[in-house]
Amino acid sequence: MIAEAGHYALVLALALSLIQSTVPIAGARWGDAALMNVARSTALAQLLFVAVSCTALVMLHVSSDFSVANVFENSHSTKPLLYKITGVWGNHEGSMLLWVAILALFGGLVAAFGNNLPLSLRAHVLAVQGWIAAAFYLFILMTSNPFLRIATPPIEGRDLNPVLQDIGLAVHPPMLYLGYVGFSISFSFAVAALMEGRIDAAWARWVRPWTLVAWIFLTLGIAMGSYWAYYELGWGGWWFWDPVENASLMPWLAGTALLHSAVVMEKRNALKVWTILLSILTFSLSLLGTFLVRSGVLTSVHAFATDPTRGVFILLILCFFIGGSLTLYAWRASTLKQGGLFAPISREGALVLNNLFLTTACATVFVGTLYPLALEVLTGDKISVGAPFFNLTFGPLFVPLMMAMSFGPLLAWKRGDLLGAAQRLTAAGIAALVAIAVAYAWTYGGSTFAPLAIGLAIFVIAGAMCDLAERTALFRAPFATAMQRARGLPRATWGTAFAHAGVGVALIGIVCETTWNSEYIGTLKPNEVARVAGYELKLDGVTQRQGPNYREMIAQFTVRLDGEKLSVMTPSKRNFTTRGSSTTEAALLTRGASQLYISLGESTNEGAVAVRIYHKPLVLLIWWGPVLMAFGGMLSLSDRRLRVGAPKPAKASRALQAAE
Amino acid sequence: MTLWFVFALMTVAAIFAVLWPLSRGSAASAGGGSEAAVYRDQLAEIDRDVAAGLIGPSEAEAARVEISRRLLAAADSKDDLPGQANLGLRRSSTVLALVGLPVAAVAFYLSLGSPQLGDFPLASRSRAPDVNQPIDNLIAQVEAHLDKNPTDGRGWSVLAPALVRLGRYDDAIRALRNSITYNGDSAERRSDLGEALTGSAGGVVTSQAKAEFERAAALNADEPKAGYFLGLAAEQDGRRTDAAAIWRAMLAKAPADAPWRPLVQAALVRVGGPAAPTLSNDAMAAAKDMNEADRGAMIRGMVDRLATRLKENGDDVEGWLRLVRAYMVMGERDKAVSALGDARQAVANDAERLRQLNEGLKNLGLDG
């Protein structure tokens, strides 16, 4: 009964989404408040039914009901409870259910907390959410139904792919989907504005926090996925420019651009039309990501061609929403009122520059990801566009962006003073030069670019601090006054500083890891010693152990530094019997922000084990950076003040710097 | 029945969600923010910022001017229609909710769902073996048992052939490897493993599989499966004569009633040439060093042995053909014809063998 109730709840959610996507629009067209309010109650009811459906699927997985095909294919009775639950979204059908559940959650949030939105805007927004939801409910029910049954249930399931049986993958997909799907809200707002033919102040006030929520989750989701790949796949790599990763990076880049243009829109009423376009593009890229990952087109274009049902369905959804919204944009954008004006050198101007670089960077990733696919479809040639392409295109775009990043917050709204901003950044510049000199001296004879990149990162971090020091008048006023001003600063300002510093922190990690990484690859016999970056690792021995649904080979290493025993590391290799596949569980030893990394390969007959040992200096900064960015985002989100960008008057003497 | 009751409750809840705002009617028409309200809030915010010292008075003044301008513009364009009830639309929405929603939901569900199936949580299912259970379940039970007792060699050896039959070659390979580990090495297990490897490669004898067969042959040179597959490997490598030689040697050494004889004979026919008499490698090597007379004596001895064996057991078509051909080669046509007669007599009451015999004779050019 649980399975069928969950199935029926999903069908009811589809029916409700169809009503939600039509009745409120009719209500808005003829000005009937009651009809417009239908959007709200149906959105909430839809959320309820999807929640029922998800709960049902979780219960089926937990109770190992193998009469449900999805449970049979992706679960096993001996799997630990945690992975029985996370296995719900570790497969295609379940993850699509999670996708619509999050969509319904966002719709429900707009319905529940959208009291201060104009009634017709709310009706339109929820109706657009209803269309998206209906399309995906249909997709799930027709092509990826998680509630299909097996009449004679098998006694045991096929187990979840072992590399997915990991805590990182338990958290990563929900985070990523909260990000992807969160952008549907700004998309719905954009389409609603185009349908209404006007963008009012309430619009701007609403879009930014939603975008920010989505952006925070997407940032954390991508960082989480990258860390998972780092420790679970056993190669010590954290970013492969893999199409699946690019699929999440593209919405992030567009979303970051959207976040900044939404700030201009909220505070200065400018860049309206551009913000609308970015909203549409960001969600389109999220949909594209869903298509790339879920249609199987990446595994092989030919596999996709032989069983195209799912792919073609998502492709249709993709064409309908992207094509439809862009057509609507082309048709209606001209009717929207243009916003305020600003000088090229101003905070607005800096944000436009940011948008320019971010969208270009996004476009390079787009080309690098889709070009091989297009080529394979057209000519059948298989090429792979890898790190060299992205390093050559993406890198040069990010350098000027990061240079400009420190200047932006120091410029005033409407008309800024570049020279003044540069003066205030002198300290940051000096810090950067010192960092370059120190890094160069330390690694004399090594890479030339790496110290420069470190200098850039330090410039970004110091620039963020300069901004704070400037606003609190840290060195100009007495310390107590500065502290008082610091407390009085809007949390959004702190958020900006943290997020920008986070980019610099991540850059330091990336540069250090890629440049000064040292490794040992070879086979070790018991009691042999490997030396990496001054550490001595002795293989004590190899033992076998039986886990709940796997057997594992554990190697024990004693780590010494300068003859002193530091710790014991136990990397292992797990063999999952049901799927007949194995995973490597790398052992990590964290020393500050650096890590020692051991992963096991095959063991030979003579008792020797193939091992890969890496020393990765400051590698953790790669993920601390995004966490810092997300923390900055949360600070900014918690700031519920209204945002007004006070313009710099044309001929005013330099007074107090605007707070934000 | 409970299921349908739950469905009905859920449907009612869904309908209620649509009807509720409609029933509230124009009472709910108020509400919703307006643009002017946002601007008024912004003006208040500027006052607070100035009070907190976050912006200077001149910036505040500039901001106030801008916002006031927008506020005026918003108030000007405020030509919103007052909320008006549209009874026709409301009625059709009500009908849509009351009729359309349940009909669509039930129709959609019935075409996809399986309302007749109950729950089958693991806990409520018996794990005792049952003769009616499909073989998959039995295998799953054995696998579960072996997961917990991976050193049970007997279990692996029971499981492996069942997996091979189901085509789960990869699992079978694992089971056979375990069986070899825990039961000890043997020619049969090695050649079973080779067969599973071949199966998982879609019938191609891979080098890995070939290595297993060679190991099996080393353990027991007469292991028929290994011999057959080594021949197959040679055939797949394009070495048809080698394949034929291997198979001929097998047939020569094999007992007449070996169940795999027809398979190897068919394979031999496939690589070309009739199943001609052959000598084992050792005999061939010995024969090379002999003088003419000795060699003739050796061959004659072998042919006589064959003839005696066939007199005792005449079922062996292959043997008869070999005998006939041997006589022909030795130039003793009359003996060949008489052997032919004996052969016909021996297999007369078996149509299949008779057909094989006649076919073989046709190939020898001794039709008659």
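Guide: Buried area is the accessible area, taken with a 1.4 Å probe, that two parts lose on being put together, summed over both. This is a predicted model, in which local features need pLDDT of at least 70 and side-chain atom pairs count only at pLDDT 80 or more, while totals for chains, interfaces and linings use all residues. Residues are numbered from 1 along each chain as its sequence is written, chains are lettered from A and ligands numbered from 1 in the order in which they are written, and side-chain values use heavy atoms, with hydrogens and water left out.

Visitor: What area is buried between chain B and chain A?

Guide: The size of an interface is often given as the accessible area lost when the parts come together. Between chain B and chain A about 6,500 Å² is buried, with carbon and sulfur atoms giving 63% of that area. On the chain B side, B:Met10, B:Leu54 and B:Glu59 supply 9% of the buried area, more than any other three residues.

Visitor: How many residues does the contact take from each of these chains?

Guide: Contact means heavy atoms within 4.5 Å. There are 70 residues from chain B and 82 residues from chain A.

Visitor: How many salt bridges and polar contacts are counted between the two chains?

Guide: A salt bridge is a side-chain nitrogen of Lys or Arg within 4 Å of a carboxyl oxygen of Asp or Glu. A polar contact is a pair of N or O atoms within 3.5 Å; within protein, one must be able to donate a hydrogen and the other to accept it, and residues adjacent in sequence count only if both atoms are side-chain atoms. Chain B and chain A have three salt bridges between them. One salt bridge joins the side chains of B:Glu66 and A:Arg268, at 2.6 Å from N to O.

Visitor: Which helices of chain B supply the side that touches chain A?

Guide: Helices are DSSP runs (H or I, at least four residues), numbered from the N terminus. In chain B, α1 (2-24), α2 (35-52), α3 (57-76), α4 (87-112) and α5 (135-148) each supply at least two residues of that side. The most comes from α1(B), with 12 residues. By class, the side of chain B that touches chain A has 37 nonpolar, 20 polar and 13 charged residues. Here Ala, Val, Leu, Ile, Met, Phe, Trp, Tyr, Cys and Pro count as nonpolar, Asp, Glu, Lys and Arg as charged, and the others, Gly among them, as polar.

Visitor: Which domains does the assignment give for chain A?

Guide: Domain bounds come from an automatic or database domain assignment. For chain A they are domain 1 (1-165), domain 2 (168-385), domain 3 (425-516 + 624-638) and domain 4 (518-616). The C-alpha centres of domain 1 and domain 2 of chain A lie 22 Å apart, and their contact takes 39 residues from domain 1 and 36 residues from domain 2. These two domains of chain A bury about 3,400 Å² between them, 79% of it on carbon and sulfur atoms.

Visitor: How many salt bridges cross the interface of domain 1 and domain 2 of chain A?

Guide: The rule finds one salt bridge across that interface. A:Glu93 also forms a salt bridge with A:Arg310, with the closest N and O atoms 2.9 Å apart. The count between domain 1 and domain 2 of chain A is 11 residue pairs in polar contact.

Visitor: Why is the pair of A:Phe139 and A:Phe313 put in its class?

Guide: A pair of aromatic rings is described by the distance of the centres and the angle of the planes. Rings of Phe, Tyr and Trp (its six-membered ring) pair if their centres lie within 6.5 Å; planes under 30 degrees apart count as stacked, over 60 as edge-to-face and the rest as tilted. The structure holds 33 aromatic pairs over all chains. A:Phe139 and A:Phe313 have ring centres 5.5 Å apart and planes at 65°, so the pair is edge-to-face. A:Phe139 lies in helix α6 (residues 119-143) and A:Phe313 in helix α12 (residues 309-332) of chain A, so the pair ties together parts that are 174 residues apart in sequence.
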